[in-house]
Amino acid sequence: MRRRSTGDAGLRPTAPSLAAALAVAFAGAVAAPARAWSPVPPADQGRVVLETFTSKARMPPVQFDHWRHRARHTCRLCHVDVGFAMTAGETRVSAATNQGGFHCGACHDGKATWRGKPIFAACGDRAKGEEEGRCTRCHARGDAEQRRKDFEAFAADLPRRGVGGDVDWEEAELKGLVRPADFVEGVSIARKALRMDKDVAIRSQGWMSDVLFSHKKHAAWNGCEVCHPDIFPNQKGEARRTMLQISSGEACGACHGKVAFGLGECQRCHVKPVR
Amino acid sequence: MGRLGFAVLAAAGVTAAFLAGPPAAAQAPARAPAARDGWKQEFEELCAKTQDAMALDSEELRSLVSRCDKLKPAIDGLAESERKVYAKRLAGCRNLYAYVLESREAGQGR
């Protein structure tokens, strides 16, 4: 999923071009509905279509919405312990892996419970009759209107922010409205809680104020190996990225704009006073 | 049902049970307990330290990277589903330790 670039920290726009850009942005804000400011509607953010093996099995692709799962589990749990890759097509999830108790099957095994109810099993053998309904819970053609309704029902009690109405996950966790689990029995390894509260100052190359990156906020859900070294392979002082690269999905853009707040919320990262 | 019928049914039941093999619980489960699989115990020991990677000394990090490399062939020999998951997980742990080690050495070189 790609989002529009919201600017390029590596460029220094001239005063006339900046004024023109602001004028266009202002005109757009007046003329366009509020949602236009959020390039991807919240119900569609972090949507993943899994289709590597589905066509061979004559099944519709799996439509996975991150928001359905992230209120219940940390990013680390699925992307480290369960083994879901961060890059499309790399996980190679299949009916066989699910039936073996891996990938989706790590939780969707028909035995694990959520709020006292068994979590439906992923991928059975040639499901027939009422079992077919179970297949279509994941292998769906994708009804956009139904997804929007489901999302609105899901997010009804969660804090929202921005004109796009994105869920503020950080606030939701602070208020105890979501409690993402970080351990699945038989899958996760017992380990100490991560203590990483070192902030990293990233000097802006452009007209924006500097970024103050909080390890503490990110480590709470991600652990270390979600980001290092795959997403941030650089050593200290080398991790410079332009907003153009980020909006293309590199570095911060691996999550922000997809499953975390969008790149239009400049002030949430560019928090240091202007030099 | 007479005695003969009962005997036939019992024999059929025993035969069916024999042909079906051991009960599901007795078959090797997809996620066997760590004690039964040496590789898994080693994997869990290796990957249990990722949260502490920054606090480990360089020698320990080197040892962990080396142990991950030694474990890789055992993971590569697993059945496909298990291999897909554990190869990725092991690589994640190994690469993190190597990253922290390189980061530290690069910092010392500055």
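Trainee: How much space lies in the largest cavity?
Mentor: Keep in mind that this is a predicted model. The structure holds five cavities of 30 Å³ or more. For the largest cavity, the space comes to about 120 Å³.

Trainee: And which helix gives the most to the lining of the largest cavity?
Mentor: There are 13 lining residues, and A:P42, A:Q45, A:R70, A:W169 and A:V259 are the closest to the centre. Two elements of chain A, α2 (66-70) and β6 (166-167), each supply at least two residues of that lining. The top contributor, with three residues, is α2(A).

Trainee: Let's move to the second largest cavity. Which element supplies the largest share of its lining?
Mentor: That cavity has a volume of about 50 Å³. Eleven residues line the second largest cavity, and the closest to its centre are A:D81, A:G101, A:F102, A:V187 and B:V85. By class the lining has six nonpolar, two polar and three charged residues. The largest share, three residues, comes from chain B, namely helix α4 (residues 80-109).

Trainee: On to the interface, then. What is the area buried between chain A and chain B?
Mentor: In terms of contacts, 39 residues of chain A meet 26 residues of chain B. Carbon and sulfur atoms give 55% of the buried area. The total buried between the two chains is about 2500 Å².

Trainee: Which three residues supply more of the area that chain A buries against chain B than any other three?
Mentor: Together they account for 26% of what chain A buries there. One of them also turned up among the residues closest to the centre of the second largest cavity. The trio is A:F102, A:I189 and A:Q235.

Trainee: Which residues meet in a salt bridge across the interface?
Mentor: The rule finds one salt bridge between chain A and chain B.

Trainee: Which element gives the largest share of the side of chain A that touches chain B?
Mentor: Across this interface there are eight residue pairs in polar contact. On the chain A side, the elements giving two or more residues are α3 (75-81) and α4 (95-99). The largest share, three residues, comes from α3(A).

Trainee: What value is phi of A:R115 near?
Mentor: A:R115 is located in the loop between β3 (113-114) and β4 (117-118) of chain A. This residue is not a glycine, yet phi is positive, near 50°.

Key. Residues are numbered from 1 along each chain as its sequence is written. Chains are lettered from A and ligands numbered from 1 in the order in which they are written. This is a predicted model: local features need pLDDT of at least 70, side-chain atom pairs count only at pLDDT 80 or more; totals for chains, interfaces and linings use all residues. Side-chain values use heavy atoms; hydrogens and water are left out. Contact means heavy atoms within 4.5 Å. Buried area is the accessible area (1.4 Å probe) that two parts lose on being put together, summed over both. A salt bridge is a side-chain nitrogen of Lys or Arg within 4 Å of a carboxyl oxygen of Asp or Glu. A polar contact is a pair of N or O atoms within 3.5 Å; within protein, one must be able to donate a hydrogen and the other to accept it, and residues adjacent in sequence count only if both atoms are side-chain atoms. Helices (H or I, at least four residues) and strands (E, at least two) are DSSP runs, numbered from the N terminus. On a 1 Å grid over the protein atoms alone, a cavity is a set of points where a 1.4 Å probe fits but cannot get out, and a pocket is an open set with protein on both sides within 12 Å along at least five of seven lines; lining residues have an atom within 4 Å of a point. Grid points are joined across faces, edges and corners, and a volume is the space filled by probe spheres set on the points. Ala, Val, Leu, Ile, Met, Phe, Trp, Tyr, Cys and Pro count as nonpolar, Asp, Glu, Lys and Arg as charged, and the others, Gly among them, as polar.
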